[in-house]
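Please look over the model below before reading on.

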Amino acid sequence: PLMKGQKQAQNPNDTQQDESGSGSSIKKPLPICNALVYAEMIGAFLGAVIAYFMYADHFKISEGQIDGVAIRNIFSTNPNCRNLPRNYFVEAFATFIFLTSIMAAEHANEAMLPFTVGLIVWAIGMGLGGTTGFAMNQARDLGPRFAYQILPIKDKVNNDWQYGLLVPGTAPFVGAVLAFFFIRYFLGIM
């Protein structure tokens, strides 16, 4: 774990689920109060900055030749067909499936969990990723989106904060809360 005394989480929604009462050692009143959420966002931001630095020469030689939206999409998710209610549903549903599957896999065989989580991410990416880019957590989208906002990339397009803050910014929280209630009260495994 990154922080002493903290359970390792896959993304901010795992942290939210743990804080909702899944029986883990993490017991904070709100997910936003947990330092792990901030660490994940900062880590995603720094990862995007490092990736930009590594590919800075490539960005420079492709200036004016590549669509600005394609460059922005290196840093954040973007729907193939923009329909905010549907995009919101897809992100919430993908997160619901993701977290429910992880918790069920952990309940069934914790020793295989790292391998199983990899398969779950792959399956959700292949099955649901085409519509919105499947952020499924705020760190994956908002950290790099903010990096794009401040990096010195020429010919930037609009960062589309309306989509970023609404869909990958809040829909995963909705999916996490629904997954918690489904796991606890329907499956009864927490």
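Which side chains meet in a salt bridge at 2.6 Å, N to O? The side chains of D160 and R82 do. Point 3 takes up this pair again.

1. **Basis.** This is a predicted model, in which local features need pLDDT of at least 70 and side-chain atom pairs count only at pLDDT 80 or more, while totals for chains, interfaces and linings use all residues. Residues are numbered from 1 along each chain as its sequence is written, and side-chain values use heavy atoms, with hydrogens and water left out.

2. **Overall layout.** The protein chain has 8 helices and 0 strands. Both kinds of element are DSSP runs, numbered from the N terminus: helices are H or I with at least four residues, strands are E with at least two. Of the 190 residues in the chain, 44% are buried. Buried means under 20% relative accessible area, exposed over 50%, and partly exposed in between (1.4 Å probe, protein chains only). Contacts are heavy atoms within 4.5 Å. Among contacts between residues at least 6 apart in sequence, 71% join residues at least 24 apart.

3. **Salt bridges.** The whole structure holds 2 salt bridges. The term stands for a side-chain nitrogen of Lys or Arg within 4 Å of a carboxyl oxygen of Asp or Glu. Take D160 and R82, which meet at 2.6 Å, N to O. D160 sits in the loop between α7 and α8 and R82 in the loop between α4 and α5, so the pair ties together parts 78 residues apart in sequence. D160 is buried, at 12% relative accessible area. R82 is partly exposed, at 43%.

4. R145 forms a salt bridge with D141, with the closest N and O atoms 2.8 Å apart. Both lie in helix α7, 4 residues apart, about one turn of the helix. R145 is buried, with a relative accessible area of 0%. D141 is buried too, also at 0%.

5. **Helix α4.** Which residues of α4 (68-75) are buried? They are G68, I71, R72 and F75. Seen down the axis of α4, they fall within an arc of 100°, so they line one face of the helix. The arc is taken from the directions from the helix axis to the C-beta atoms. These residues pack against α2 (35-54), α3 (56-61) and α7 (138-150).

6. **Nonpolar cores.** The largest nonpolar core has 16 residues, and F98, I102, I120, I124 and M136 have the most contacts inside it. Elements giving two or more residues to this core are α5 (84-108), α6 (113-132) and α8 (161-187). Its largest share, 7 residues, comes from α5. Apart from it lies another core, of 10 residues, among them F59, I71, F75 and L151. A core here is a set of buried Ala, Val, Leu, Ile, Met, Phe, Trp, Tyr and Cys residues joined through side-chain atoms within 4.5 Å.

7. **G129.** Helix α6 contains G129. G129 is buried, with a relative accessible area of 11%. Not counting residues up to four places away in sequence, G129 touches I124 and F134. G129 and T77 are 52 residues apart in sequence, yet 9.8 Å apart in space, C-alpha to C-alpha.

8. **M54.** M54 is found in helix α2. M54 is exposed, with a relative accessible area of 58%.
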